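Take a look at the fold below.

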Amino acid sequence: MLNVRTEHHGDLLILLPEGRLDTATAPAFDQSVQTHTNAGTRLLIDLTQVHYVSSAGLRVFLMTAKKLQKSGGSLVICGMSPAVREVFDIAGFSRMLRIEADQTAGIAALQ
């Protein structure tokens, strides 16, 4: 199961998923992301409470980044555990997506 909390920092949206992001939970996570994003949305996804990301989860990040880029928005991901970061690195996503160490750095990157 994956729970997703939302917070706002000014006009910046912060999503805080908790749990595993895998084949079973990726569709619900994608729906949650799509529900909260519009054209021009500046989105920070904090993965501090996510301990596993599968290829299905990676796809959500890639599709979200592409959608936001086309609409003038932006995506930053932060708070990855070493295991989650390794998945992003192996898949080559660390070179395609903006990744910051924590929420403070992520918020600064979106300013």
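The largest nonpolar core holds 25 residues, and Leu47, Phe61 and Phe88 have the most contacts inside it. A nonpolar core here is a set of buried Ala, Val, Leu, Ile, Met, Phe, Trp, Tyr and Cys residues joined through side-chain atoms within 4.5 Å. Buried means under 20% relative accessible area, exposed means over 50%, and partly exposed lies in between (1.4 Å probe, protein chains only). At least two residues of this core come from each of strand 2 (12-21), helix 1 (26-36), strand 3 (42-46), strand 4 (49-53), helix 2 (55-70), strand 5 (74-78) and helix 3 (82-91). Helix 2 gives the largest share, 5 residues. Helices (H or I, at least four residues) and strands (E, at least two) are DSSP runs, numbered from the N terminus.

The model is predicted: local features need pLDDT of at least 70, side-chain atom pairs count only at pLDDT 80 or more, and totals for chains, interfaces and linings use all residues. Residues are numbered from 1 along each chain as its sequence is written, and side-chain values use heavy atoms, with hydrogens and water left out.

Now zoom in on Leu47. Beyond its neighbours within four places in sequence, Leu47 is in contact (heavy atoms within 4.5 Å) with Pro17, Phe61, Ile77, Cys78, Gly79, Met80, Val84 and Phe88. There is also a second, separate core of 8 residues, with Ile14, Leu16, Leu44 and Val76 among them. In soluble globular proteins, nonpolar side chains tend to be buried together.

Step back to the whole chain. The protein has 5 helices and 6 strands. From the N terminus on, the order is β-β-α-β-β-α-β-α-α-β-α. The radius of gyration, taken over C-alpha atoms, is 12 Å, close to the 13 Å that the globule rule gives for 111 residues, so the protein is as compact as a globular protein of that length. That rule is 2.2 Å times the number of residues to the power 0.38. Of the 111 residues, 45% count as buried. Among contacts between residues at least 6 apart in sequence, 65% join residues at least 24 apart.

Finally, look at Arg20, in strand 2. Is Arg20 buried or partly exposed? Arg20 counts as partly exposed, because its relative accessibility is 43%. Not counting residues up to four places away in sequence, Arg20 touches Met1, Leu2, Thr25 and Tyr52. Leu2 is 18 residues from Arg20 along the chain, yet their C-alpha atoms are separated by 6.0 Å.
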